[in-house]
Amino acid sequence: MNSNIVKNFIYFPIQVIRGEKVKLYLNELEVLEKCTKEILFKYQQEKLKQLINYVYNNIPYYKKKFQKLKMSLSDIKNFKDLAQIPPLVKDDIRNNLKYLINPTLKHSWRSTSGTTGSPLIFPKDRIATAYMDAMMYQVYSWHGIDIGDKQARFWGSAVKPKDKIMQWTKDFLLNRKRLSAFNMSDKECLKFYHKLLRFKPKYFYGYVNAIYQFALALERKKIDATELKLQVIICTGEVLFDYQRKKIQEVFGCKIVNEYGTTENGIIGFECEYGNMHIMPTVYVEIINPDKNGFGEILITELNSRSIPFIRYKTGDKGRLLNVKCPCGRPYPLMEIHEGRIHDYIRCPNRRLVYDTILAYTLKDYVWQFKAYQEKIDYLKVEVIPKNNFSSELQYKLKTKLKKYLGLDMNIDFIQVSYIAPEPSGKLKYFVSKL
């Protein structure tokens, strides 16, 4: 489909219907990008003031929090004062969800992929999602990408029939072709490549390892993937290692860009044309408990969030702030990611490598937490904390779904437990391979 048609006659009209002022916020961010650091600071300070005032008057969770800490609105005058508010973690949201929502605001429900073994389900209001989209397309423009440009997407795919239809419709309307990260066999990669030759995508977007596996598959087949003539490849969702960047760039012959973000808060950091990762003006980033090299836990305050307000939110990742000037001239500060969400692949008896988030997509509606172990090529043990009755019929149904991706020769056992211990780092890996 023509990119201008997608942009002006599909995307923007849908956003207007949804009540999302993406075009207005895009104009705002375009102006901000050309301002000085002093103007950027004032802009963010005003955004913080509006956010704190809003949550104090409209969000019961924070009203109670301020009262308990014996704080008033005047106590939070700047970003340094934020340290008086305790960090927000996922369990705070799960346990206080109804007190973090303003029911008068229009919102949509979202869910993380559950890489910690327990997906977070939460609402995002229209102001927050509009700013998230505007910020995304603003930084994509740094690399010549516009709304509606053809995209090849390397991502998870829906499991339920209804969700599959919704996903296909959305991909079609937004000019996207998708390769499921759950099925990265050479056969599927080759099939997708030939589809892309006809589709002619302008850019790739997706999980680092999925794009990397796609590159390796094409290399094994001795295919000249530079024929796709890609403008850029945007990698997200995982740490982008140097060896992966080098190989992907070698296979496709185009620029590789690293994106750091979360489902909860949108893009947090994005690489400019000089390869430096800039912090987005829509968020405020703090680093706490830094080590001797400056790497510490990343806390995010999303300046436009209203339902749920993410204030000093723990992402579970590590990074550091860089006090250097970027040649691109943009006023946004720089950061470096040390440790992100690193996924593994399940090795199957048929030699297929399957992205381990298939576990989250399949199990998240039925269990609170899970953790899978693979000690043999044909055996997967999955510890689960069920939401309700985890009957033998349900287990059979889930095994059947998983075997569609892992192969009929994969043996799967569900073990019901009451507790799943975290890793020494504090994270709860949901897949451990011992092969």
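## Overall fold

The protein chain holds twelve helices and 19 strands. Helices (H or I, at least four residues) and strands (E, at least two) are DSSP runs, numbered from the N terminus. This is a predicted model: local features need pLDDT of at least 70, side-chain atom pairs count only at pLDDT 80 or more, and totals for chains, interfaces and linings use all residues. Residues are numbered from 1 along each chain as its sequence is written, and side-chain values use heavy atoms, with hydrogens and water left out.

The radius of gyration is 22 Å, which agrees with the value near 22 Å for a compact globule of 435 residues. That radius is taken over C-alpha atoms, and the globule rule is 2.2 Å times the number of residues to the power 0.38. Along the principal axes, the C-alpha atoms fill a box of roughly 65 × 50 × 50 Å.

## Burial, surface and contacts

Of the 435 residues, 54% are buried. Buried means under 20% relative accessible area, exposed over 50%, partly exposed in between (1.4 Å probe, protein chains only). The accessible surface comes to about 20900 Å². Carbon and sulfur atoms account for 52% of that surface. Areas come from the Shrake-Rupley method with a 1.4 Å probe; for residues, only the protein chains shown count as cover.

Contact means heavy atoms within 4.5 Å. Among contacts between residues at least 6 apart in sequence, 66% join residues at least 24 apart. Q50 sits in helix α3 (residues 37-58). Q50 is partly exposed, at 36% relative accessible area.

## H143

H143 lies in the loop between α6 (126-140) and β3 (151-155). H143 is buried, with a relative accessible area of 8%. Leaving out residues up to four places away in sequence, H143 touches Q231, V232, K255, V257, F270, E271, C272 and E273. A polar atom of the H143 side chain lies 2.9 Å from the backbone oxygen of E271.

## A nonpolar surface patch

M1, I5, F9, W168 and F172 form a nonpolar patch on the surface, with about 580 Å² of accessible area together. Two or more residues each come from α1 (3-18) and α7 (161-173). Like charges are joined within 9 Å, nonpolar side chains (Val, Leu, Ile, Met, Phe, Trp, Tyr) within 5 Å.

M1 lies in the segment before α1. M1 is partly exposed, with a relative accessible area of 35%.

Methods
A polar contact is a pair of N or O atoms within 3.5 Å; within protein, one must be able to donate a hydrogen and the other to accept it, and residues adjacent in sequence count only if both atoms are side-chain atoms. Patches are made of residues with over 30% relative accessible area and no salt bridge: like charges are joined within 9 Å, nonpolar side chains (Val, Leu, Ile, Met, Phe, Trp, Tyr) within 5 Å. A salt bridge is a side-chain nitrogen of Lys or Arg within 4 Å of a carboxyl oxygen of Asp or Glu.
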